[in-house]
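Here is a briefing on helix packing and strand pairing in one predicted model. Look at the sequence and structure first.

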Amino acid sequence: MRFDTGGESVAVNTRTVTKEELGRQKMFSSKVENLLSQRYQDKPLACVVTYGCQQNVADSEHIKGMLDEMGYAFTDDRQKAKLVIFNTCAVREHAEDRVFGNVGALKKYKLANPDVIIALCGCMMQQKHIAEKIRQSFPFVDLVFGTHALHIFPELLFTAMTRRKRVFELPDIDGVIAEGIPVKRDNDSKAWLPIMYGCNNFCTYCVVPYVRGRERSRQVSDIVSEFEQLVSEGYKEITLLGQNVNSYGKDLEPKVSFSELLRILNALDGDFRIRFMTSHPKDCTKELLETMAQCDKVATHLHLPFQSGNNRVLKAMNRGYTREKYLELINYAKELMGDELSVTSDIIVGFPGETYEEFKDTLSLVKEVKATGLFTFIYSPRVGTPAAEMDDPVSHDEKAKWLAEILDEQEKISAQNMKLHAGKTFKCYVVGKGKLGDNYLAARTDGNLIIEFEGGERLIGTFQNIKVIEPLTFVLKGEIEKN
């Protein structure tokens with residue numbers, strides 16, 4: 001189905017929040033602000049705790065934007081806050097356990113301060129069994145809402161503050177797109193910019209499609225407008241976000257590819273660097289890799305998770321590609337970008353039914369890819385996913401030994417990779433304080449390597465040419481290149 005949009009693509013089968021709905025939330029923001037001014041002499045403090053991926057970080061920045069409009073100030077001390085909100089992650093069991101522990105630790109604080117609002121949101125809350133556990137086991141939690149209700153947070157908070165009843169808002173929908181939600185960013189120099197939401201891939205181990213809904217892309221014009229605003233505000237490193245950015249634009253009519261979006265943003269005026277994550281190998285095209293190589297403002301860092309190096313396991317995971325296809329992409333990227341390319345990846349160790357011989361295929365792929373860095377995890381069963389019902393005979397202790405093999409190998413590879421950069425000079429973006437000493441700053445190369453060097457804090461948020469003088473295992477030591 002096509003729409004006459006005067007050249008603009010429009011989302012098909014995606015509900016966009018109307019201006020009237022957003023106006024309603026503005027009204028509730030004002031109501032909360034008035035309520036707070038009646039209850040407190042000074043601005044009450046809010047504490048927003050974020051777990052999980054960069055998309056959750058971006059969501060929390062929108063939550064903070066709404067709270068700022070409602071009259072809250074912010075603190076990292078949960079024991080000083082009048083509102084504590086946990087934005088949760090459902091990808092691994094460890095993250096869920098941390099949430100339950102940290103929420104439980106607030107019970108005494110809530111009993112001593114009954115006016116405090118405790119809220120939970122995010123991916124965990126979109127799961128019915130988790131929401132029910134909160135309802136039954138954590139009666140002091142006032143507000144629970146899922147990923148699809150973020151845009152009505154002001155209304156939900158007002159209801160929780162004025163009604164002597166707990167508020168649970170967990171709509172079972174595929175999600176919406178809401179433009180114009182205020183944002184309060186955590187960083188003055190780098191920014192997260194979501195370009196799409198949701199996932200259609202249904203990897204058998206992953207709960208994301210169930211809690212984030214189907215893929216839905218933002219309009220190009222909305223992305224460009226926000227990007228230009230960020231550049232005008234001085235942001236120089238902007239990361240485009242999506243559960244699978246390579247699928248961007250497939251739901252738009254007429255379609256717009258992710259490569260086309262990158263070229264549009266690259267052509268904008270300004271001194272900035274574009275990053276993106278996460279890419280899915282089954283949708284990663286040679287066109288995308290060529291775009292990375294040809295666009296001077298697009299970072300030469302490719303985060304491309306392979307998860308396993310064994311084709312039977314990849315098929316059981318429903319990943320949609322083979323080991324050979326993955327290597328074809330990596331080799332083509334290296335051919336195009338050479339030493340400038342930095343590859344990072346995700347690995348799941350001990351997928352249900354995986355044997356040690358199959359695991360060794362993953363280990364061999366690690367040796368072949370020679371990634372800059374790996375994010376490696378032991379398989380964590382997720383309720384409601386097909387993998388959670390599969391036979392899983394290998395013990396956790398045995399899987400931990402496999403994980404150690406991966407980590408040991410990657411440490412050797414990282415050290416070897418770092419040595420290749422000795423004496424080279426990189427244009428780096430200075431991101432903040434370093435860890436090698438009190439007077440060290442940390443800077444990030446185009447390929448996502450960290451170089452630490454001595455310098456004044458006035459350099460934070462600027463691009464500098466830095467020469468590598470000593471390669472370490474996971475970081476490079478450098479100095480500003482003298483003209």
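Arg323, Tyr326, Leu327, Ile330 and Lys334 in α12 meet Asp361, Ser364, Leu365, Glu368 and Val369 in α13; contact means heavy atoms within 4.5 Å. This contact divides into 5 nonpolar, 1 polar and 4 charged residues. The model is predicted: local features need pLDDT of at least 70, side-chain atom pairs count only at pLDDT 80 or more, and totals for chains, interfaces and linings use all residues. Residues are numbered from 1 along each chain as its sequence is written, and side-chain values use heavy atoms, with hydrogens and water left out.

**Helix packing**
- Helix α12 (residues 323-337) and helix α13 (residues 356-369) have axes that come within 11 Å and cross at roughly 10°.
- That makes α12 roughly parallel to α13 (angles under 35 degrees count as roughly parallel).
- The axes of α13 and helix α14 (residues 396-419) come within 10 Å, crossing at roughly 15°.
- α13 and α14 are therefore roughly parallel to each other.
- Tyr356, Phe359, Thr362, Leu363, Val366 and Lys367 in α13 meet residues of α14, among them Trp402, Ile406 and Ile413.
- By class, the contact of α13 with α14 has 7 nonpolar, 2 polar and 3 charged residues.

**Strand pairing**
- Strand β21 (residues 450-454) runs parallel to strand β23 (residues 476-480), joined by 2 bridges (strands pair if DSSP finds at least two bridges between them).
- Ile451 stands opposite Leu476 in β23.
- Strand β22 (residues 463-471) runs antiparallel to β23, with 5 bridges.
- Pro471 has Leu476 in β23 as its bridge partner.
- A hairpin through 4 residues joins β22 to β23.

How values were computed. Axes are lines fitted to C-alpha atoms, for helices over the stretch in contact, and angles run from 0 to 180 degrees between N-to-C directions. Angles under 35 degrees count as roughly parallel, over 145 as roughly antiparallel, 65 to 115 as roughly perpendicular and the rest as oblique. Ala, Val, Leu, Ile, Met, Phe, Trp, Tyr, Cys and Pro count as nonpolar, Asp, Glu, Lys and Arg as charged, and the others, Gly among them, as polar.
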